[in-house]
Amino acid sequence: MTFALYRQYRRALKATPVTGRVMPYSWAVFPKTISAEWMAYGWMLEEFPRGLANTINELTRLERSLRAWATVLEPMTAKQKFDATSEFIDAPATIAVNLPYVIRARFAFAVTHLSHQVNQLKDSSWRDELPDDEKIHLNEARTFGGKWSTYLRLHKRLERISGKDFTIATQNFRNVYTHRLEPRFVVGISQTVTREVVKGRVQYGFGGNPPLE
């Protein structure tokens, strides 16, 4: 069954169009010969777009793959869907749902470092107070990139990636997957018991969340 199912998927994939734009790997032109003081910026400007393009293109690839699987799963019984999901879908779907947050975080990382490099090269009074890499998030990108005229437009767009609408639609998958028991894909329920404190009183809820389609 596994081989036959995979053949169905490959046929469905062939008929599934690509949505989104495949990202190129060179986003900026920088002189081939640079002075030593610009070396860190130049190397970052070469490396960061490659990494970001790879991540964005991976999301595009996985999204298309999952749409193809959705076509294959549609006529199946619940048992068949469960088997197919366990074999082929859980792992790539988990990666795909987490990737929007990854993309936002990596943009914040790249923008923070690149802005910091230019700031200290263009402003003699600029102090090197860049936090450690693991502490760089979107707020740091605003702090270090905010002086540039196009940054606010970028920031607003980055906020929309893995933003409120996406969090609700995916049942806060990224956070729940890391810290609790994640929603299921295709079949199965999760969080059959929930606990919350409302106005000082503990309440328990029973039922569970439906799977992510």
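## Exercises on a predicted model

Glu 196 stands opposite Gln 203 in β2. The model is predicted, so that local features need pLDDT of at least 70 and side-chain atom pairs count only at pLDDT 80 or more, while totals for chains, interfaces and linings use all residues. Residues are numbered from 1 along each chain as its sequence is written, and side-chain values use heavy atoms, with hydrogens and water left out.

**Exercise 1.** State in which sense β1 and β2 pair, and over how many bridges.

*Solution.* Start with the terms: strands are DSSP runs of E, at least two residues long, and helices are runs of H or I of at least four, numbered from the N terminus. Two strands pair if DSSP finds at least two bridges between them. β1 and β2 pair in the antiparallel sense, over six bridges. Next, look at the connection: the two strands form a hairpin with two residues between them, and Lys 199 in the turn has a positive phi of about 50°.

**Exercise 2.** Find the residues of the nonpolar patch on the surface and the elements that give two or more of them.

*Solution.* A patch takes residues with over 30% relative accessible area (Shrake-Rupley method, 1.4 Å probe, only the protein chains shown counting as cover). Patch residues have no salt bridge; like charges are joined within 9 Å, and nonpolar side chains (Val, Leu, Ile, Met, Phe, Trp, Tyr) within 5 Å. The patch consists of Val 193, Val 197, Val 202, Tyr 204 and Phe 206, with about 540 Å² of accessible area together. The elements are β1 (193-198) and β2 (201-206). β2 gives the most, three residues, and Val 197 is in β1.

**Exercise 3.** Describe the lining of the largest pocket.

*Solution.* On a 1 Å grid over the protein atoms alone, a pocket is an open set of points where a 1.4 Å probe fits, with protein on both sides within 12 Å along at least five of seven lines; lining residues have an atom within 4 Å of a point. The volume of the largest pocket is about 1600 Å³. Of its 50 lining residues, Ile 56, Leu 59, Ile 103, Phe 107 and Ile 161 are the closest to the centre. α2 supplies the largest share, 14 residues.

**Exercise 4.** Locate the salt bridge of Arg 67.

*Solution.* The criterion is a side-chain nitrogen of Lys or Arg within 4 Å of a carboxyl oxygen of Asp or Glu. Arg 67 bridges to Glu 63, with the closest N and O atoms 2.6 Å apart. Both residues lie in helix α2, four residues apart, about one turn of the helix.

Conventions:
Points joined across faces, edges and corners; volume = space filled by probe spheres on them. Nonpolar A, V, L, I, M, F, W, Y, C, P; charged D, E, K, R; others polar.
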